[in-house]
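Dear colleague,

I am handing over the structure we discussed, with the sequence alongside. Please look through the model first, and then read the notes below against it.

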Amino acid sequence: MAVKLFIDTDIGSNVDDAFALALAAKLPNVEIIGVTTVGSMVAVRAQLARKILTTVGKRGVPVSAGCAQGLIEPPSRHVPEQSSVLDEVDKLFFPPANGVDLLRDAIRRHPGELIIVTLGAMTNLALALRTEPALCRLIRKVVMMAGTEASHYAETNVRNDPEAACIVFNSGVPFIMVPKDVTQHAIMPKELMDRVKNSDSPLCKLLWEKTKIWMQTTGASAPTLNDPLAIAIAVKPELAKLERVRVEVELHGTYTRGHTIVTPEPTGPGWIVRSVEWDKFWSLFEEAILS
Ligand SMILES: [Ca+2]
């Protein structure tokens, strides 16, 4: 039976969201039940998500715009750099602005089956759980690319909406936290970049175009695939070594707001990724993206 994913993404800034969505769309035995966007300019981000899905022939997946602002954080005016890949046809898609409703409905329609993967701030999921707390018993699990354990900085997805992360980590929903400490090692190998660059497939052409924009914007020489790692672990948790934990979020602190505090706990609500079988991850990724 197919693994049912719901993907919440801030696609359009870092290129790894595009690779993550492409990976989910191309993996065998995965059904994408819905996609929502989060962060600034959520309608543009929804158009970018739909472009990936359309390119791989999955136009039927519902895509909605979610929250354009964190629960109490001020709005960001950040324009997704990758919006330059959108053509006039892409811009004809006016996404419904009911992202939180789409997520709630998807959870209800697939009780006990849905794996929600959050690749940005957790605002949409936090609102769904706050407005209907019973939903947490219907979610199979949440896999979030979020947080750090050993770093002195706050990871972006938590920092962009610490209250939302706090709600999700304390909701009782089972979760797998895929922290930046681990994902920062998912640097795309040069040979794999060349294969994407030289591929004739419409998906690889689109992904390479986006990669070039991202590299020009950041000055980086290779994407770090934080978000695809979360997708891979959602579908194949055996790729990762997990430890059971409780996670708290610092909501105050002049310098520490958005920090995550991870405590090993045998009966904790979730798990953290401790290590990854990198060879298996890269094989899975390459086979899916280049097929
Ligand atoms: Ca992201």
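This is a predicted model, in which local features need pLDDT of at least 70 and side-chain atom pairs count only at pLDDT 80 or more, while totals for chains, interfaces and linings use all residues. Residues are numbered from 1 along each chain as its sequence is written.

Overall form

The protein chain has 11 helices and 9 strands, where helices (H or I, at least four residues) and strands (E, at least two) are DSSP runs numbered from the N terminus. Its radius of gyration, taken over C-alpha atoms, is 17 Å, close to the 19 Å that the globule rule gives for 291 residues, so the chain is as compact as a globular protein of that length; the rule itself is 2.2 Å times the number of residues to the power 0.38. Along the principal axes, the C-alpha atoms fill a box of roughly 50 × 45 × 40 Å. Of the 291 residues, 50% count as buried, a residue being buried if 20 or more other C-beta atoms lie within 10 Å of its own, exposed if 12 or fewer, and partly exposed in between, with C-beta atoms placed from the backbone. Among contacts between residues at least 6 apart in sequence, 82% join residues at least 24 apart; two residues are in contact if their C-beta atoms, placed from the backbone, lie within 7 Å.

The nonpolar core

The largest nonpolar core has 95 residues, and those with the most contacts inside it are Leu23, Val168, Val178 and Ala230. Such a core is a set of buried Ala, Val, Leu, Ile, Met, Phe, Trp, Tyr and Cys residues joined through C-beta atoms within 7 Å. The largest share of this core, 8 residues, comes from α1. Leaving aside residues up to four places away in sequence, Leu23 touches Pro228, Ile231, Ala232, Phe285, Ala288 and Ile289. In soluble globular proteins, nonpolar side chains tend to be buried together.

Strands

Strand β4 (residues 114–118) has 5 of its 5 residues buried, and both of its faces are covered, with Leu114, Ile116 and Thr118 on one side and Ile115 and Val117 on the other. Strand β1 (residues 3–9) runs parallel to β4 and is joined to it by 5 bridges, with Lys4 standing opposite Leu114; two strands pair if DSSP finds at least two bridges between them. β4 also pairs with β5 in the parallel sense over 4 bridges, and there Val117 stands opposite Val143.

In strand β9 (residues 270–276), 5 of the 7 residues are buried, so the strand is largely enclosed by the rest of the structure. Strand β6 (residues 175–178) pairs with β9 in the parallel sense over 3 bridges, and the bridge partner of Met177 is Ile272. Strand β7 (residues 240–249), by contrast, pairs with β9 in the antiparallel sense over 6 bridges, with Ala240 opposite Val276.

Helices

Helix α6 (residues 162–169) is mostly covered, with 7 of its 8 residues buried. What covers those buried residues includes α4 (123–131), β5 (141–145), α5 (156–159), β6 and β7.

For helix α9 (residues 202–218), the 17 residues should span 24 Å at 1.5 Å a residue, and the end C-alpha atoms are 24 Å apart, which agrees; the expected span is 1.5 Å times one less than the number of residues. The buried residues of α9 are Leu203, Leu206, Leu207, Lys210 and Thr211. Seen down the helix axis, these buried residues fall within an arc of 135 degrees, so they line one face of α9, the arc being that of the directions from the axis to the C-beta atoms. Their cover includes α1 (16–26), α2 (42–55) and α8 (190–198), whereas Pro202 and Gln216, on the other side of α9, are exposed. The helix is followed by Gly219, whose phi is positive, near 80 degrees.

Backbone angles to check

Most residues other than glycine have a negative phi, and most peptide bonds are trans. Asn29, which is not a glycine, has a positive phi of about 60 degrees; Asn29 is found in the loop between α1 and β2 (30–37) and is exposed, with 8 other C-beta atoms within 10 Å. Met41, also not a glycine, has a positive phi of about 45 degrees; Met41 lies in the loop between β2 and α2 and counts as buried, with 21 C-beta neighbours inside 10 Å.

With kind regards
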